[in-house]
Amino acid sequence: MSTQPVLCLQLLANRKLEPGAIKLRFSPGDHNTLLPFVADERFLAFAHSFPCVIATENASDFSPELFKALKDAGCHPTPQGSFHNSDENAKPVLPPHVEWLSGDWYLNPPQKVSDNQAASHSLSLKLLQLVAQDADTCEIETVFRQDPVLAYHLLRLVNSLGAGVGRRISSFSQAILILGRQQLKRWLNLMLFAANRDDFRTAMLMARVTLRSRSMELLAKAGGFDRTEQDQAFMAGMFSLLGILFAKPLSDILTPLKLNDSLAKAVLSNEGKLGRLLLAIKKLEQADETGLSELFDEFQLAPEAYNLVSLEAHQWMLNAIHDKSGASDA
């Protein structure tokens, strides 16, 4: 029986520097084994909910049958001239003919931090410490009163991703009551990326951290981690990008949080089972296929399982950045 090629999804920004499309690529192999996957209702729903593009010069990388199936599913062949790559430490300026932007430009520190950003960072770091230390609700609410935008982004995020409660959450105290402290920690930390004002990196950075966190959690589940380890995998993915968010050394940010030893070592030095999973994800984000080998060999994952996890993680990310309700949390 042939093994499925691996689905590689690359998030692209539009001209507004916001998530705008997904570029599709598959690893070598028998592409016809992917035909049931492309016909799956989950892939079809994904392809219809967000632009999926295929670089026309890569058309020969697909079998004719798969290329037709992708187009029938709603994926768009796109000429190379529509793409532009940037890794520069500056706000990208796209040529007039370019539609989609790739690259890691949003992972570079900002050239200049505005007064508003500095104030927001200060409050956000304070909030991060309070949440990590299980501070009293009244202490956390005090921070939100100083910056209502933070509260707005928290409620927007919780409602967009869905809390599984069947109704909208309309206040911070209600969020605490319904979600419980453990789940609230997740939303509060993720909210920090969404609420970073006056920063052109925010939209893409939010998408990246959401995707990394959810991918970590789902891969941990597929790899046989228990529920506590799955939750730690999500948090590891999120914490690993805090240094980029705040433009500070990651160790300086994490030390005051007093994370448990295994989580801290995983994030700071990729140690332990959780750290190796994080390292594999980082390699995949850089198109380093050794990350796949590590996932498949060490965590006993099959390409078929990985493809479904990747698709689900990207759909969850889209729900977060497009404020769609009804997404379920694992």
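User: What pLDDT do side-chain atom pairs need in order to count?
Analyst: Residues are numbered from 1 along each chain as its sequence is written, and side-chain values use heavy atoms, with hydrogens and water left out. As this is a predicted model, totals for chains, interfaces and linings use all residues, local features need pLDDT of at least 70, and side-chain atom pairs count only at pLDDT 80 or more.

User: Which residues does Ser215 touch, not counting those up to four places away in sequence?
Analyst: Ser215 lies in helix α9. Helices (H or I, at least four residues) and strands (E, at least two) are DSSP runs, numbered from the N terminus. A contact means heavy atoms within 4.5 Å. Leaving out residues up to four places away in sequence, Ser215 touches Ile281, Val309 and Ala313.

User: Ser213 lies in helix α9, so what is its relative accessibility?
Analyst: Helix α9 covers residues 202-222, and Ser213 is one of them. Beyond its neighbours within four places in sequence, Ser213 contacts Ala233, Phe234, Gly237 and Met238. Ser213 counts as buried, and its relative accessibility is 0%.

User: Which residues of helix α2 are buried?
Analyst: Helix α2 spans residues 41-49, and its buried residues are Phe43, Phe46 and Ala47. Seen down the axis of α2, these buried residues fall within an arc of 95° (taken from the directions from the helix axis to the C-beta atoms), so they line one face of the helix. The face turned away from that buried side carries the exposed residues Glu41 and His48. The buried set is therefore Phe43, Phe46 and Ala47.

User: At the start of α2, how close does a side-chain oxygen of Asp40 come to the backbone nitrogen of Arg42?
Analyst: This one is about the start of helix α2. There, a side-chain oxygen of Asp40 reaches towards the backbone nitrogen of Arg42, to within 2.7 Å.

User: How many disulfides are there?
Analyst: A disulfide is a covalent bond between the sulfur atoms of two cysteines. The rule applied here asks for a pair of cysteine sulfur atoms within 2.5 Å. For Cys52, the nearest cysteine sulfur, that of Cys75, is 4.8 Å away, so Cys52 is in no disulfide. By this rule the number of disulfides is 0.

User: Where does Leu34 lie?
Analyst: Leu34 counts as buried, at 0% relative accessibility. Not counting residues up to four places away in sequence, Leu34 touches Gln4, Pro5, Phe26, Leu66 and Asn307. Leu34 and Val6 are 28 residues apart along the chain, and their C-alpha atoms are separated by 9.2 Å. As for its place, Leu34 is in the loop between β2 and α1.

User: How far apart in space are Leu130 and Leu257, C-alpha to C-alpha?
Analyst: Leu130 belongs to helix α4, residues 115-132, and it counts as buried at 12% relative accessibility. In sequence, Leu130 and Leu257 are 127 residues apart. In space, their C-alpha separation is 8.4 Å.

User: What is the phi of Gln300, which is not a glycine?
Analyst: Gln300 sits in the loop between α15 (290-298) and α16. This residue is exposed, with a relative accessible area of 65%. Its phi is positive, at about 55°.

Notes:
Buried < 20%, exposed > 50% of the residue type's maximum accessible area, 1.4 Å probe, protein only. Polar contact = N/O pair within 3.5 Å; in protein donor to acceptor, adjacent residues only side chain to side chain.
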